[in-house]
Amino acid sequence: MRTLIYLSAGMAVIAFAFWAYQVNYATQEAMREVDDLRRQIALEREAIAMLNAEWAYLNRPDRLRVLAEAYFDQLQLMPMTADHFGDPALVAYPPEDPQMADAVLQAVLGASQ
Amino acid sequence: MIRRPLRPLARIMTARARGENPDRIEAEARAARMRQRHKAERLRAEYRLLLLAATFLLAFGTVATRMSVLAASDPQEPRVASAASQIVAQRADIVDRNGAILATNMMTASLYAQPHLMVDKPAAAAGLARIFEDLDETDLLRRFSGKRKFIWIKRSLSPEQRQAVHDLGEPGLQLGPREMRLYPNGRLAAHILGGYGFGREGVHAAEVIGSAGVEFTFDRYLRDPAEGGAPLELSIDLSVQAAVERVLAGGMRLMNAKGAAAVLMEADTGQIIAMTSLPDFDPNQRPKPPVSGDPSDSPIFNRAAQGVYELGSTFKIFTVAQAMELGLVGPDTMIDTKGPLTWGRFRIRDFRDYGPRLSTRDVIVKSSNIGTARIAVEIGAERQAAFLRSLGFLDPVPVTLPEAGKTKPLVPKRWSEISTMTVSYGHGLAATPLHLATAYASVVNGGLRVTPTLLKSDRRPGEADRILSEGTSRILRGFLRGVVEGGTATLADVEGYRVGGKTGTADKPRHTGGYYDDKVIGTFAAIFPANEPKYVLVVSLDEPEDRTGREPRRTAGWTAAPVAAEIIRRIAPLMNLRPLPKEGGEGISAVHAAN
């Protein structure tokens, strides 16, 4: 009986030692990973900051104005003026009846030509 | 130590004579010697034990102390400190009211030399001179040949320059990482942002510090790690600022002015939407302050917040406002405008003779100096000074720019009656365009004194800030609209936005005293929409001259007013301000009031 107790105690010590050893290494691994992720986050942040700066630089009003002028024939962008405001009251509501809508559309098109 | 013999001859002789055994004497002596040795050995052993005990006590004591210290202190992760994320957000960004970036950081490299590590000094100097145009080869070589072991060469490099330096392959040239400030919009809002410089610098990092503008004022906030890199939100609107700068630059060229300033302010809150001063500069390379000449000619001089000018007839509205508030005149009271008005050796004239009498409204609309001066005399010097103080004209503008705080308006040394008269129409008191914008906002927004600010905030003036009654403010808005509808500023009208405003033309003072005949400051203070003003715009041109007519025209109505109109035409839609129908007319049906 006593031999059995000694034996099982010895086994338990070995098992716990093994477990502690494993936990120790898992912890070290996790810490390394955290370190890696931190470094990665820092790099990503730096990259984001750089991209933000570049985005702001590419969207600077001076450049947009030059581009709007250069591609005027395609984009036809003009400075916004008071004439560009519309009013919802001036927009015709679509009639309930879809067939009527065609008639209204025809009428509008006819009127504009 | 005297060593005693084991068998002392004298005693043995006596013992033998008595017939005793001499061996006993020897044994006695031997025993005594043994006792002595034991005693010494015990002493030494005791000493050793004590030493051992002390050593153990010290060792275990150290362990115990260390353990208790560890147990009492907070747990700490030693790796956190090494994370590189600290470097990225060292200085917070500056953004406009919509979140667009006005200033941000960028990683760059600094270049330094360690001459004692150099392989080929002449080649290094020649190579650097080839890469950087502003470096001189002989000068570099001289610096490399000196005794110094560390030399800064460049504070920040572009990626191309970095590669070129790498390609030189010189081990004595080293690159160090650091952050620099970047203003991606270039010259935009240069005077507001200011500029940056490097503070303490090391090989691995450098401190970025603001050298002017909001960068300087909010330096501590921007660098505070406790803010967690939260950006500084300005009240500026990037696109509006860009439009104002562009139109103003065009107007300045057309009017042949040598400088210009514009301030756009929210009438209700005092928030500055756009503020510009021309000529301007690139904050990425902020020029050094001039050492000679007139500082106001330098591009870094902020005409809007730093330049004090006599703002001319734009002041008349304040005189009339006070007189109406005091009940001295009503909108239709007839004022004597027979000229010239003589006071001692002074003569006050009008630009044109407006007849013997004008109503209060027409004094403003036609801009009569004589009429305003007569009203001012009624008010009196003391009350006038108090009212101008309440509008902020006698103190530096409380805006968060370093140069504004140092700029005190020029006021009459002795506020005599003639000063009262000239100040009433804007002569003899010099203030900045920002002062004027603040005062106009306070007068037309219903009479609440606003505090100009460059920061986005929800702060609004309350009843405690009241300086004029609601009714007076409404009448004054009508006057200002009248100036544009049929007075001195008809060129300032913009269809749909009901611009109101007041022109001001002031002769420039000579440095030697007196005034120039042909140099003026043309100012136009505009409000729009006039019936319910949302914005105040002050445009000021330095030495404008419209040469399109037969003779040069310099009055603000011909110079500053049309520039202001063009600015409003461009920016009002940008600020989502819907055009209003024509007053009295039919206009477009069912257009709601501006949002």
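Helices are taken here as DSSP runs of H or I at least four residues long, and strands as E runs of at least two, numbered from the N terminus. In this predicted model, chain A read along its sequence then follows the pattern α-α-α-α, which amounts to 4 helices and 0 strands. The radius of gyration of chain A is 37 Å, whereas the globule rule gives 13 Å for 113 residues, so the chain is more spread out than a compact globule. Its C-alpha trace spans about 110 × 45 × 25 Å along the principal axes. Buried residues account for 4% of the 113 residues in chain A.

We can turn next to the meeting of the two chains. Here 25 residues of chain A are in contact with 33 residues of chain B. On the chain A side, α1 (2–58) and α2 (61–70) each supply at least two of the touching residues, and α1(A) gives the most, with 14 residues. By class, the side of chain A that touches chain B is made up of 14 nonpolar, 3 polar and 8 charged residues.

The crossing of α11(B) past α13(B) is left-handed. From α11(B), the contact draws on B:K316, B:T319, B:V320, B:Q322 and B:A323, and from α13(B) on B:T372, B:I375, B:A376, B:E378 and B:I379. These divide into 5 nonpolar, 3 polar and 2 charged residues.

Conventions. Residues are numbered from 1 along each chain as its sequence is written. Chains are lettered from A and ligands numbered from 1 in the order in which they are written. This is a predicted model: local features need pLDDT of at least 70, side-chain atom pairs count only at pLDDT 80 or more; totals for chains, interfaces and linings use all residues. Two residues are in contact if their C-beta atoms, placed from the backbone, lie within 7 Å. Ala, Val, Leu, Ile, Met, Phe, Trp, Tyr, Cys and Pro count as nonpolar, Asp, Glu, Lys and Arg as charged, and the others, Gly among them, as polar. The radius of gyration is taken over C-alpha atoms; the globule rule is 2.2 Å times the number of residues to the power 0.38. A residue is buried if 20 or more other C-beta atoms lie within 10 Å of its own, exposed if 12 or fewer, and partly exposed in between; C-beta atoms are placed from the backbone. A crossing is left-handed if the near helix is turned anticlockwise from the far one by less than a right angle, and right-handed if clockwise.
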